[in-house]
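These are my notebook entries on one structure. I set out what I looked up and what I found.

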Amino acid sequence: MEYGSRVLEICENPKNVGAFPKSAADVGTGVVGAPACGDVMKLQIKVGDDHVIEDAKFKTFGCGSAIASSSLVTEWVKGKTIDQALAIRNVDIATELALPPIKVHCSVLAEDAIKAAIFDHRRKQAGAAPTTAPEVAP
Amino acid sequence: MAPGLDCFQVLGLERHWQVTDEALAEAFRRESRKCHPDRFFNATPEEKRRAMSRTTDVTEAYRTLKDLLGRAIYLIESAGKSIEDRDARAGAEGWLLEVVEVREQVAELRARGPGAAGEFDRLFSVMQEKVAAVEQEIKGLFAAVDDHESPAAAAGALAVVAEALATLVGKHRYYSRTIDEIRRARAALGA
């Protein structure tokens, strides 16, 4: 199948491939996969005290669209707050990359990955700071 | 697969998830004979059309059930669930991270060249053991559904089992995909 020019461009020169130590307190790791095709994606964020994402890295083992989607998301989230990053929707990714319908699930994967990374970071923060009141209604 | 097709009924079988390969093959032969074109040589176009469509169903049902994963996916869908459920993936981080790590290892080994052959073989057998374990677990879940006496209890078990099966089918896919990757990388070494 033919990839769009934006996907090819990113695949030839993906940004932010790599990893952070997953046990670091300021790192959030999201791992997601597509059971239908066996693609896996690991996306990590490094978050500052001000809740701003300082850096992001990914490793994706899958098709070009999955690689492009995760690369794009790591670029987008840098400098954003966690809340802004949570607002990223797969539609934005799919539109930017001009993904054909059959590849839209790759952008869903990237959205899930950034969310999972943010939740992992939150979990760590909650664990590190037990004084914080839990966000549960009585 | 055709939605709503009752694979067991089409093959004239009891709803028994542990059905053996032999029983399936026999059912397939028996049901295929019933709708074979030779028997409908002098039939009306409508009867011919029905026999043809029945042949399609019988083949489809057989193909679905004789494959372990196909049967598992059929069970999952019978319970109104899907292996694509986003919820089903949410809790998967632990073992999925392991898959990512093995894939990373494969990439590193590939860069290392011919000296990596032994390490590839080791990874290969580790992953094959994982696949075998997943297949055992899937069979165990089939047994769990079969063990219920009443259809209602079986239906209840089906809903519970479907979730666990969806994870297992996913695992099987990720592991198999990793094995393909290892095989390809190993072959590229030429050793």
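The model is predicted, so local features need pLDDT of at least 70 and side-chain atom pairs count only at pLDDT 80 or more, while totals for chains, interfaces and linings use all residues. Residues are numbered from 1 along each chain as its sequence is written, chains are lettered from A and ligands numbered from 1 in the order in which they are written, and side-chain values use heavy atoms, with hydrogens and water left out.

Entry 1, domains of chain B. I noted domain 1 (7-66) and domain 2 (83-189) in chain B, the bounds coming from an automatic or database domain assignment. Their contact (heavy atoms within 4.5 Å) takes four residues from domain 1 of chain B and five residues from domain 2 of chain B. The C-alpha centres of these two domains lie 32 Å apart. I then looked up the buried area, which is the accessible area (1.4 Å probe) that two parts lose on being put together, summed over both. Between the two domains this is about 410 Å², with 57% from carbon and sulfur atoms. Across this interface I found zero salt bridges.

Entry 2, chain B against chain A. Here 17 residues of chain B and 20 residues of chain A are in contact. The two chains bury about 1,700 Å² between them, and carbon and sulfur atoms give 57% of that area. I found four salt bridges across this interface. One of the pairs is Lys42(A) with Glu104(B), whose closest N and O atoms are 3.1 Å apart.

How many disulfides does the rule count over all chains? The count is zero, a disulfide being a pair of cysteine sulfur atoms within 2.5 Å. For Cys63(A) the closest cysteine sulfur is in Cys106(A), 3.6 Å away, which is too far for a bond. I also looked up burial (buried under 20% relative accessible area, exposed over 50%, partly exposed in between; 1.4 Å probe, protein chains only). Cys63(A) counts as buried, at 17% relative accessibility. Cys35(B) is in no disulfide, and the nearest cysteine sulfur, in Cys7(B), is 15 Å away. Cys35(B) also counts as buried, at 4% relative accessibility.

Terms used: A salt bridge is a side-chain nitrogen of Lys or Arg within 4 Å of a carboxyl oxygen of Asp or Glu.
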